[in-house]
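Here is a briefing on a single chain. Look at the sequence and the model first, then read the points by topic.

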Amino acid sequence: MDFVSPVLDTVKCLWDCCDKRAVYIRELPENLKSLRNEKEELENVYKDVKKRVEDERKLQKEIKHVVTGWIDSVEAMEREVNDILTAGEGEIKKKCLGTCCPRNCRASYKIGKMVSKKIDAVSQLCRKADNFQEVAASLPTPPVSQVAAPLPTPLVIEVAAPLPTPPAIEAGAAPPPPPAPAVIELPLENTVGLDSLSDKVWRYLQDDKVTTIGLYGMGGVGKTTLLKRINNEFFKTNIEFDRVIWVVVSKSASVEKVQELVLRECGCLDNRWKGRSEDEKARDIYNILKTMKFILLLDDIWEPLNLLKIGFPLLNDQNKSKVIFTTRFLNVCEAMGAESIKVECLKFKEAFALFQTVVGEATLNSHPRIPKLAKIVVEECKGLPLALKIAAAAMRGKTTPQDWEKNIKLLQSYPSEVPGMENDLFRVLALSYDNLSKAKWPKTKSCFLYCSMFPEDWEISCKQLIELWIGEGFLHEFHKIHDARTEAEDIIDELTLACLLESNQSKTHVKMHDVIRDMAMWLAGENGKKKNKCVVKEPGGWIEGHEIAEWKETQRLSLWDNSIEDSIEPPNFQNLETLFASGESMRSLPTRFFARMPVIRVLDLSNSELTDLPAEISTLITLHYLNLSKTEIQNLPVELRNLTELRCLILDDMEKLETIPSQLVSSLSSLQLFSLYASLGCNGDWGFLLKELENLKHVSEISIPVRSVLHAQMSANSQHLRRSIRRLSLQDCTGMKTMEISSYLQILLVWRCFDLTDVKINLEKGRGQKFSDLSEVEIVRCPKLKHLTLVAYARNLLSLTIEYCESMQEVIVEDEEIGISEVEQCSDAFSVLTTLRLSYLSNLRSICGGALSFPSLRELTVKHCPRLRKLPFDSNTNCLRKIEGEQHWWDGLEWEVQAIKHKLNQHFVPK
């Protein structure tokens with residue numbers, strides 16, 4: 001029986017081993033519950049510490065590294081615990097049928113062991129917080145002169161810290177730029193889920209060994225938002241930098257483009273560096289920045305940048321300058337030697353908070369079932385901030401579960417064949433596209449897709465965009481251009497509200513986010529099935545014959561700032577409806593280039609260096625829109641009279657244009673818009689065309705320069721012309737003493753009318769007292785003009801410039817003929833005015849009789865107006881960002897309320 005003892009020992013050993021493993025399996029449910037409890041306790045402690053950190057940061061204190069490290073550890077632990085809890089709960093459900101035994105003992109054992117260990121780890125991490133008696137230490141306070149004074153208003157803010165004086169400039173280098181703001185605050189909405197990333201960036205900024213930081217991640221994930229937040233944080237921090245430079249790089253950026261953007265950011269005027277070589281610009285940048293401690297923020301880098309080649313001084317721990325950039329590619333971070341920080345999608349809790357902010361409480365609370373449905377939409381967005389914003393904007397105002405369920409079904413089932421990121425993103429982004437206003441569908445969708453025809457990061461002029469839409473026939477039901485513009489402006493507003501377009505502050509330009517643009521081009525190509533249906537060539541390319549041959553099925557072709565090979569065969573564009581061939585690189589067109597374009601509607605050759613038009617342009621009889629603005633063309637071919645379907649003819653800023661053949665314009669029987677603004681041929685007087693335009697019954701919008709009293713009177717006496725002329729330039733009209741302008745006028749320029757004494761409004765019967773169209777007025781060298789009271793009635797006036805009017809004592813005076821007092825006249829005057837320029841008005845004493853709030857005024861310029869001792873501002877004048885004038889004039893102003901001067905003093909720039 002001696003063999004029994006060893007056997008029993010072996011059995012006992014095996015039993016002990018198996019029993020220990022069985023404990024992990026047997027106690028898995030209870031341990032999961034314990035882990036969940038420990039996790040909740042850790043989350044509560046985490047919130048308390050996070051709140052203390054935020055409070056200390058508001059007091060300008062530096063957070064201790066041990067605390068920020070603990071916060072990062074907690075966030076990492078939370079992700080690990082969530083994964084383990086999910087796996088554990090799934091394993092418990094996998095029981096053998098009719099038993100309590102796991103199907104896979106090995107898997108259950110592994111999970112059980114991880115759960116047991118993680119309980120201890122979570123508990124230990126939670127106890128570490130007990131040591132945080134203090135979470136921050138005060139940063140050393142810099143001299144008072146170097147601390148930026150906090151300003152109450154957003155957007156462009158000048159920091160009070162003085163910039164260092166650059167040393168002597170090297171021979172041949174550009175002179176130093178004028179002072180520029182150390183930091184320009186950027187528009188930024190409330191950020192969600194970026195706190196930990198922002199903290200990480202700031203830790204790197206305080207580390208002298210780190211010079212370059214790269215923020216990388218997929219498109220639309222919030223990289224630019226994070227970079228803007230970092231930019232704006234420089235107003236709140238004690239970290240000292242002489243200048244923060246913000247540059248949007250974009251995909252097609254060259255070294256020269258980046259140099260020009262940097263020079264502008266540094267305050268250099270265009271005339272200082274235009275025409276200089278790349279090396280010279282690099283030297284200019286180097287001389288400006290070599291003595292500075294700067295922060296360079298580069299947004300949207302697609303390829304590694306050689307910062308030394310651009311002109312930036314070498315980054316090291318001596319000069320302590322830093323570079324932070326955003327990119328979609330990790331290899332760009334590696335190539336630029338950057339500390340890489342990945343910007344990832346939001347967790348569900350943060351994603352729902354962002355979605356909730358955009359969709360609004362009113363919509364979420366409109367029905368008990370909608371919050372649950374909202375969670376489904378948020379889950380479908382997979383935490384991508386751009387997708388969340390667009391989906392929420394599309395759902396805003398949907399107050400019935402049926403609407404939500406219908407849109408959720410659309411979101412889940414939208415077909416996509418594009419792989420990877422584009423596939424997942426486009427399916428979400430298209431929800432907003434598909435929910436565009438049904439009343440305007442499909443015109444709104446067509447207008448949106450059309451915006452993708454412009455280059456990446458292009459600031460699209462709303463005026464130009466609307467005219468293109470008109471030419472394309474998207475707004476064909478309107479007989480008057482003004483009505484079409486109103487409808488188009490509503491469409492732009494709808495696209496902006498849906499987060500499909502981004503508008504600038506003045507709403508004169510819109511921009512399409514590059515991810516949205518990619519999606520729009522994919523949709524325009526029938527979900528990627530017809531890639532050549534719409535072709536957009538990025539600027540700076542060379543178009544060869546074989547490329548053009550591939551575009552024979554193309555409907556829309558955009559060649560911005562490209563050159564075309566001269567020797568190509570005439571292209572056969574049987575389906576081409578739209579052609580953009582704009583930009584300085586477009587110097588000539590191949591022979592018979594227009595010969596086979598039988599259905600073309602829109603032709604834009606603006607901003608090119610073309611000197612003439614080929615004769616075969618007369619064959620484009622289907623053309624609706626022709627834009628030749630800012631070209632070098634001297635003579636319009638008489639063959640243009642064959643374009644009887646033409647609706648829009650735009651000839652602005654054609655400085656070399658000499659002749660327009662007689663009866664050419666009058667032959668364009670379908671013409672609705674004619675613009676010859678700022679084109680100086682024929683001595684700048686194209687008034688002889690007024691008679692031809694008067695006989696075109698469809699014309700409803702005219703822009704034209706006039707240089708004779710006869711033609712000025714013709715424009716005023718003809719009701720058709722009076723209602724159609726929207727932009728009028730009057731120059732050198734000697735002998736004209738009184739001028740009546742139409743209430744339909746939008747822009748008025750009057751130059752060198754030496755006998756002009758009065759400008760009045762012609763309010764037509766049936767239009768009432770409406771004078772709401774005038775937005776811009778410029779009056780220069782009218783020495784006998786005594787006042788400009790008409791601007792008191794221009795309720796939507798945005799810009800007013802008056803120069804060299806020596807007889808003017810007041811801009812607005814009492815109009816005895818109408819019998820309205822000064823106060824009544826001025827009560828609503830200048831309510832939307834953004835820019836006011838008054839120069840060389842030697843006798844000007846007053847702008848108007850009473851104080852006004854000027855609620856929209858952002859820029860005021862007063863030069864050589866020695867008798868203007870008071871400004872009509874009150875305590876509600878809050879938008880001013882820049883006041884230019886002589887220092888002695890500013891110091892001598894009289895103020896009834898000194899607090900107003902103190903508030904505005906920070907914006908004064910002596911000239």
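S715 sits in helix α24 (residues 709-717); helices here are DSSP runs of H or I with at least four residues, strands are runs of E with at least two, and both are numbered from the N terminus. This is a predicted model: local features need pLDDT of at least 70, side-chain atom pairs count only at pLDDT 80 or more, and totals for chains, interfaces and linings use all residues. Residues are numbered from 1 along each chain as its sequence is written, and side-chain values use heavy atoms, with hydrogens and water left out.

**Two buried serines**

- S715 is buried at 8% relative accessibility. Buried means under 20% relative accessible area, exposed means over 50%, and partly exposed lies in between (1.4 Å probe, protein chains only).
- A polar atom of the S715 side chain lies 2.6 Å from the backbone oxygen of A712.
- S715 is in contact with L690, L721, R722 and I725, leaving aside neighbours within four places in sequence. Contact means heavy atoms within 4.5 Å.
- S558 belongs to strand β13 (residues 556-559). Its relative accessible area is 0%, so S558 is buried.
- Residues up to four places away in sequence aside, S558 touches M453, V535, V536, K537 and F580.

**Overall make-up**

- The chain has 28 helices and 30 strands.
- Of its 911 residues, 49% are buried.
- Among contacts with a separation of 6 or more, 61% are between residues 24 or more positions apart.

**Helix α6**

- Helix α6 (residues 223-233) is largely enclosed by the rest of the structure, because eight of its eleven residues are buried.
- The buried residues of α6 are K223, L226, L227, R229, I230, N231, N232 and E233.
- The cover over these buried residues includes α5, β3 (212-216), β4 (243-248), β5 (294-301) and β6 (322-327).

**Salt bridges**

- The count is 31 salt bridges. A salt bridge is a side-chain nitrogen of Lys or Arg within 4 Å of a carboxyl oxygen of Asp or Glu.
- E43 pairs with K39 in a salt bridge, with the closest N and O atoms 3.7 Å apart. Both lie in helix α2 (residues 28-58), four residues apart, so about one helical turn separates them.
- E43 is partly exposed at 25% relative accessible area, whereas K39 is buried at 16%.
- E78 forms a salt bridge with K347, with 3.8 Å between the closest N and O atoms. E78 lies in helix α3 (residues 65-93) and K347 in the loop between β7 (339-342) and α12 (348-359), so the pair ties together parts that are 269 residues apart in sequence.
- E78 is partly exposed, with a relative accessible area of 27%. K347 is also partly exposed, at 37% relative accessibility.
- K760 and D758 meet through their side chains in a salt bridge of 4.0 Å, N to O. K760 is partly exposed at 32%, while D758 is buried at 17%.
- A network of salt bridges links K463, E467, R485 and E701.

**Cysteines**

- The structure holds zero disulfides, a disulfide being a pair of cysteine sulfur atoms within 2.5 Å.
- C753 is in no disulfide, and its nearest cysteine sulfur, that of C733, is 4.5 Å away. C753 is buried at 0% relative accessibility.
- C345 is partly exposed, with a relative accessible area of 32%.

**Second largest pocket**

- The second largest pocket has a volume of about 1200 Å³. On a 1 Å grid over the protein atoms alone, a pocket is an open set of points where a 1.4 Å probe fits, with protein on both sides within 12 Å along at least five of seven lines; lining residues have an atom within 4 Å of a point. Grid points are joined across faces, edges and corners, and the volume is the space filled by probe spheres set on the points.
- The lining has 33 residues, and the closest to the pocket centre are Y46, E75, S196, K347 and E350.
- Elements giving two or more residues to this lining are α2, α3, α5 (195-205), β7 and α12.
- The largest share of the lining, seven residues, comes from α3.

Methods
A polar contact is a pair of N or O atoms within 3.5 Å; within protein, one must be able to donate a hydrogen and the other to accept it, and residues adjacent in sequence count only if both atoms are side-chain atoms.
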